[in-house]
Amino acid sequence: MFDFLDSGQYDVLGAFWVTVQLTFYSAVGSLIWGTVLAGMRVSPVPLLRGFGTAYVNLVRNTPLTLLVIGCSLGLSQTLGINLGGETFKETGFRLAVLGLIAYTGTFVCEALRSGINTVPVGQAEAARALGLSFFQVLTLIVLPQAFRAVVAPLANVLIALTKNTTVAATIGVAEAALLMKEMLENEAQAVFAVFAVFALGFVLLTLPTGLLLGWVSKRVAVKR
Amino acid sequence: MSSVLYDTPGPKAKVRNWVYSGIFVVLFGLVLWWALSLMGEKGQLDADKWTPFVTDSQVWTTYLIPGLMETLKAGALAMAIALPLGALLGIGRLSDHAGVRAAVGAWVEFFRAIPVLMLMLFSSALYAPQLMDVPSDTRPFWAVVTGLVLYNSAVIAEIVRAGVLSLPKGQAEAAKAIGLRKGQTMAYVLLPQAVTAMLPALVSQLVVILKDTALGGALLGFAELLSMNRQIAANYSNTIATMFVIALIYIVVNFALTTLASWLEKRLRGSKKGTGAVVEGDVAEVDAGGAAGVGKAP
């Protein structure tokens with residue numbers, strides 16, 4: 001039943017390795033971009049607040065598929081922006097990461113913003129009483145506490161991101177979902193076996209992440 | 001405008017805010033100018049790329065509106081099937097029988113861990129001629145709906161569970177005290193109250209479903225809104241303009257739903273009727289695999 005795995009025709013581990021890489025680069029990128037967005041959304045400058053709010057509301061309501069395909073068709077094929085990728089494979093990977101960062105950043109931003117709300121008012125007030133500027137209050141006092149409170153929500157965003165990397169299949173990045181599509185077409189007699197292999201792969205990727213970060217979130221939570 | 005993080009700006013801070021605003025405008029303007037000039041260079045700003053959406057009604061009647069209808073149809077049908085299924089699964093997870101709890105729990109966790117795209121691909125392969133032989137013209141539609149139902153019923157199960165658990169314990173105890181059976185307690189006392197608490201989260205989930213239908217268009221050949229991009233761009237060679245218009249349609253529809261969700265949430269939190277408990281309708285959390293948080297009235 002599972003003999004398609006031994007045929008050497010399919011590189012299942014290689015495909016999942018691409019999934020892991022997509023997840024890693026997008027996770028780092030969206031954590032940075034999401035923090036910047038959250039900073040904008042709580043900043044004293046009305047224009048920055050407006051931009052942050054508009055960006056989050058626009059991008060969150062757009063399908064990720066549209067963003068990723070837009071990066072490929074619009075940026076790369078029409079405008080010729082290849083992000084320094086030299087081969088088709090390299091360019092596709094980078095474009096997918098760009099789309100994933102643009103999309104996931106909004107969810108990181110919203111999670112952080114809810115985390116900022118859990119920091120007691122007195123913390124920021126005390127910091128301001130000491131004469132710290134907004135930027136200092138945010139980066140030295142509020143965000144460090146907020147990050148500790150949002151480990152669990154961020155873990156959920158990370159798990160969702162892991163699953164969302166499959167969208168990269170729509171622009172031909174050779175990750176797990178694209179290989180699964182190819183195998184389902186070629187191995188029509190083993191549909192359930194193919195599904196089982198890929199389902200197991202994703203359970204193995206997402207379950208430990210959830211358990212580990214769930215444990216971390218309990219460890220680092222600020223006791224109030 | 002003041003907040004916890006900063007004081008109401010004085011004269012100095014006001015000047016500083018203007019300076020920051022100025023810097024931002026300049027940077028944003030530069031990026032915009034760069035993007036627009038690049039688009040202009042490639043001829044993407046030419047009027048004939050954009051005017052079809054205003055002058056040629058066929059773009060709307062042949063492509064965009066039928067595409068949007070398919071998207072809404074798949075989303076509505078998936079929601080209609082996933083809702084009762086998810087309610088059953090959610091109640092199953094709260095069952096008194098450990099066996100039922102474990103089995104339903106495993107089912108729910110399994111389908112939440114798998115990307116919805118893989119469930120769609122799997123359903124599509126199941127409906128292929130060799131196995132179930134669904135007619136090829138409706139196969140993409142049913143594959144998309146099946147994938148969405150499998151994934152979202154598991155997510156909704158978690159929302160239902162959180163909704164029921166958000167109710168005060170006294171509700172179930174009172175029902176037991178007046179002699180209701182387990183099924184009656186659930187059907188007459190707990191679920192009706194939980195539904196109001198769940199409403200925002202369910203509306204947010206509908207947004208997630210609508211966005212996910214786009215996957216079917218990209219990989220399964222489902223003729224939904226996003227897939228119309230290829231056909232319109234083939235006629236007018238205006239990929240970027242079409243992408244903008246399609247994105248705008250998605251944003252309008254989803255923004256309306258998101259606004260409805262947050263309006264519902266605010267109303268429920270403020271209302272005197274009911275328990276004031278709300279399963280948070282935060283798209284981020286629900287999108288992230290249904291870890292629906294439970295909020296209590298302040």
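How many Å separate the centres of domain 1 of chain B and domain 2 of chain B? Taken over C-alpha atoms, the answer is 37 Å. The legends below walk through this predicted model, one view at a time.

**View 1. The domain assignment of chain B gives two parts, domain 1 and domain 2.** Domain 1 takes in residues 1-42, and domain 2 takes in residues 48-295. Their centres are 37 Å apart. The unreviewed UniProt entry also annotates residues 68-261 of chain B as "domain: ABC transmembrane type-1". Over those residues the chain is 82% helix and 0% strand, with 21 Å between the end C-alpha atoms.

**View 2. Chain A is built from nine helices and zero strands.** Reading from the N terminus, its elements run α-α-α-α-α-α-α-α-α. Along the principal axes, the C-alpha atoms fill a box of roughly 70 × 45 × 25 Å. Of the 224 residues in chain A, 48% are buried. If you look at contacts between residues at least 6 apart in the sequence of chain A, 74% of them join residues at least 24 apart.

**View 3. The UniProt record (unreviewed entry) marks "transmembrane region" features along chain A.** Residues 12-37 are 100% helix and 0% strand, and their end C-alpha atoms lie 36 Å apart. Residues 129-147 are 79% helix and 0% strand, with 23 Å between the end C-alpha atoms.

**View 4. Helix 6 of chain A (residues 134-149) carries a kink of about 45° at A:Val142.** An α-helix has 3.6 residues a turn, so residues three or four places apart point the same way.

**View 5. Chains A and B meet through 54 residues of chain A and 52 residues of chain B.** On the side of chain B that touches chain A, the elements giving two or more residues are helix 1 (11-41), helix 5 (98-113), helix 6 (116-126), helix 9 (182-219), helix 11 (239-270) and helix 12 (283-287) of chain B. Helix 11 of chain B gives the most, with 10 residues. By class, this side of chain B has 37 nonpolar, nine polar and six charged residues.

**View 6. A:Met180 and A:Ala96 touch the most other members of the largest nonpolar core, which has 141 residues.** Helix 9 of chain B supplies the largest share of this core, 17 residues. Leaving out residues up to four places away in sequence, A:Met180 touches A:Val194 and A:Phe198, as well as B:Met118 and B:Leu121.

**View 7. B:Leu64 sits in helix 4 (residues 57-93) of chain B.** Why does B:Leu64 count as buried? B:Leu64 counts as buried because it has 20 C-beta neighbours inside 10 Å, and 20 or more is what the term requires. Setting aside residues up to four places away in sequence, B:Leu64 touches B:Val59, B:Met228 and B:Ile249. B:Leu226 is 162 residues from B:Leu64 in sequence, yet their C-alpha atoms are 8.8 Å apart in space.

How values were computed: Residues are numbered from 1 along each chain as its sequence is written. Chains are lettered from A and ligands numbered from 1 in the order in which they are written. This is a predicted model: local features need pLDDT of at least 70, side-chain atom pairs count only at pLDDT 80 or more; totals for chains, interfaces and linings use all residues. Two residues are in contact if their C-beta atoms, placed from the backbone, lie within 7 Å. Helices (H or I, at least four residues) and strands (E, at least two) are DSSP runs, numbered from the N terminus. Ala, Val, Leu, Ile, Met, Phe, Trp, Tyr, Cys and Pro count as nonpolar, Asp, Glu, Lys and Arg as charged, and the others, Gly among them, as polar. A nonpolar core is a set of buried Ala, Val, Leu, Ile, Met, Phe, Trp, Tyr and Cys residues joined through C-beta atoms within 7 Å. A residue is buried if 20 or more other C-beta atoms lie within 10 Å of its own, exposed if 12 or fewer, and partly exposed in between; C-beta atoms are placed from the backbone. UniProt positions are given in the numbering used here, feature names are shortened, and annotations may be inferred rather than shown by experiment. The bend at a residue is the angle between axes fitted to the seven residues ending there and the seven starting there. Domain bounds come from an automatic or database domain assignment.
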